[in-house]
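Hi,

Here's the structure I promised to pass on. Have a look at it first, and my notes on what turned up follow below.

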Amino acid sequence: MNINGKPMRTIWVKPDGFPVEIIDQTALPHAVKTVALKTCDDAAYAIQAMLVRGAPLIGVTAAYGVALAMRDDPGDANLDAAITDLAAQRPTAVNLRWALDEMRAVLAPLPEADRARAAFKHAAKLATDDVEMCRKIGVHGLALIRDIAAKKPGKPVNILTHCNAGWLACIDWGTATSPIYQAHAAGIPVHVWVDETRPRNQGASLTAFELQQAGVPHTLITDNAGGHYMQRGEVDLCIVGTDRVAANGDAANKIGTYLKALAAHDNKVPFYVALPSSTIDWSMAKGSDIPIEERSPDEVLNITGRLADGKIASVAIAAAGTPARNPAFDVTPARLITGLITERGVTTATPEGLLSLYPERRSGGLAVA
Ligand code: MRU
């Protein structure tokens, strides 16, 4: 997608093969900054401090982190240490573990001398595969939007999304936003309700920015407003992303997603979850087993933004000493999910629905696009 008219991805490698570069998402939307990742520690820090975030992008950044580690020392001990360190940075998005498992499977059998080159090559493949999976998610989600558009000719399809499951959370296209971008490109009128997504405000700072850059009509709303617009018939469907889907179809996503699914259910608004197969955790039977990241209470107690003079500042929004908790994700039960939009098509959030799209999993094989 474009930033200020320039095509960009969220992570790339300099033309001579080093370093890896990312967009620093903590600076958006007020500044577009790129940061160079030169070591595995740089990649781990970028994931932990959320310079990069979003399940698919976390996975690909970790893959490049392994490549950077192999560039420094391709030995077995360093491969193990890099994977252990990167895996510990964020617990909920299964794409992180998935990407690291992929890297280990490719690198461990190779002679040390071949590992760095192979690692960069495989990390690039994971990035390219993610772009293609997200493009296909968009094709399948577009059909859903087209069906709704046909029932309200000349009027925009109103889509509510939560957090940022856009191209900034992936490599390109996004998951939840890919159908929206493709509908917009196809000339279908769409309008997006963007949940601000406290406490880190990924909706306000990232999704609204993305949609603005792409010229897609959108309106930023508080996290508490979605139910109100659903009651008034002003939301045609919800599309959100996910950090991990359990084998039974339960989906973990940014905190607050569950409340939107409850409101959608009460108002008979279709609620879709968009995901690449790298986000399915076939080893996890149900969503209540998904580890939920607990982040610093400081994110709840303070808010960061741009002052009138252009300076970025963080201000306290509660009395000093106020206790706060900050679970970063919640789990939406499968029964509240109308469908899962994957790179292989749309299916029900059930074990059978998932297995119908990924039949190789019936015998324990690998899920591939
Ligand atoms: O904490 P974040 O910003 O990494 O959370 C991101 C989300 O919850 C996204 O919705 C999810 O990763 C899906 S990304 C396509």
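Let's start at the ligand: one of its oxygen atoms is 2.9 Å from an N or O atom in the side chain of Arg53. I'm calling something a polar contact when a pair of N or O atoms lies within 3.5 Å; inside the protein, one atom must be able to donate a hydrogen and the other to accept it, and residues adjacent in sequence count only if both atoms are side-chain atoms. Arg90 has a polar side-chain atom 2.8 Å from an oxygen atom of the ligand.

How much of the ligand's accessible area does the protein cover? The answer is 100% of the 410 Å² that the ligand has on its own (areas are from the Shrake-Rupley method with a 1.4 Å probe, and for residues only the protein chains shown count as cover).

Before going further, the housekeeping: this is a predicted model, so local features need pLDDT of at least 70 and side-chain atom pairs count only at pLDDT 80 or more, while totals for chains, interfaces and linings use all residues. Residues are numbered from 1 along each chain as its sequence is written, and side-chain values use heavy atoms, with hydrogens and water left out.

Two elements each give two or more residues to the shell: α2 (55-72) and β11 (251-254). Helices (H or I, at least four residues) and strands (E, at least two) are DSSP runs, numbered from the N terminus. There are 19 residues around the ligand, and Arg53, Arg90, Gln202, Asn253 and Lys254 come nearest (a residue is near if one of its heavy atoms lies within 4 Å). By type, the shell has 8 nonpolar, 7 polar and 4 charged residues (Ala, Val, Leu, Ile, Met, Phe, Trp, Tyr, Cys and Pro count as nonpolar, Asp, Glu, Lys and Arg as charged, and the others, Gly among them, as polar).

Arg53 has a protein partner too: its side chain makes a polar contact of 3.1 Å with the side chain of Gln25. Gln25 sits in the loop between β4 (20-23) and β5 (34-37). Is Gln25 buried or exposed? It is buried, because its relative accessible area is 5% (buried means under 20%, exposed over 50%, partly exposed in between, with a 1.4 Å probe and protein chains only).

That loop between β4 and β5 also holds Pro29, and the peptide bond from Leu28 to Pro29 is cis, with omega near 5°. Another cis bond runs from Arg198 to Pro199, with omega near 10°. Pro199 is in the loop between β7 (190-195) and α7 (202-214).

Thr197 lies in the loop between β7 and α7. Although not a glycine, Thr197 has a positive phi of about 75°, and with a relative accessible area of 0% it is buried. Met50 has a positive phi as well, about 65°, and is not a glycine either. Met50 belongs to the loop between α1 (40-48) and α2 and, at 3% relative accessibility, counts as buried.

Last one: Val300 is in helix α10 (residues 298-301). Val300 counts as partly exposed because its relative accessibility is 25%.

Cheers
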